[in-house]
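Hi,

Here is the structure you were waiting for. Please have a look, then read on.

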Amino acid sequence: MKLFFLSYTKIFITYLKPIKSINMNTDFLVTIIFITILVIFIYWYAGYSTRTGKLEDANKNYIPDSWEENFSWFFSLKGLIMFVLGLAIGYGLSGII
Ligand SMILES: [Ca+2]
């Protein structure tokens, strides 16, 4: 009886493990994709709002001047941020993370 229970538990864990890791991976992927969409939208909106004149852009760099005071790092690190997000999506899709 004890042996039966142990083998049953073992089978149960064997089947549970991959399901759990798939769920964790999906959660990670959904989170990263959501963050990526949000970041892309912020970059797009910075360009859109300055081009259409909704927000002031005196130095003509397509970044609203009111954002530049505190978030200039977010725009100067654009390449790196997009690279890291792309890498995270890639790893998420391949199932490493
Ligand atoms: Ca500006």
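Below is what turned up.

First, the ground rules. This is a predicted model, in which local features need pLDDT of at least 70, side-chain atom pairs count only at pLDDT 80 or more, and totals for chains, interfaces and linings use all residues. Residues are numbered from 1 along each chain as its sequence is written.

The chain has 3 helices and 0 strands. Both kinds of element are DSSP runs, numbered from the N terminus: helices are H or I with at least four residues, strands E with at least two. The order from the N terminus is α-α-α.

Of the 97 residues in the chain, 4% are buried. Buried means 20 or more other C-beta atoms within 10 Å of the residue's own, exposed means 12 or fewer, and partly exposed is in between; C-beta atoms are placed from the backbone.

Helix 2 covers residues 65-76.

Now the loop between helix 1 (2-51) and helix 2, where K60 is found. Y62 is in the loop between helix 1 and helix 2 too. K60 has a positive phi of about 50°. Y62 also has a positive phi, near 60°. Most residues other than glycine have a negative phi. K60 counts as exposed because it has 7 C-beta neighbours inside 10 Å. Y62 has 14, so Y62 counts as partly exposed.

Best wishes

Note on methods
Expected span 1.5 Å × (residues − 1).
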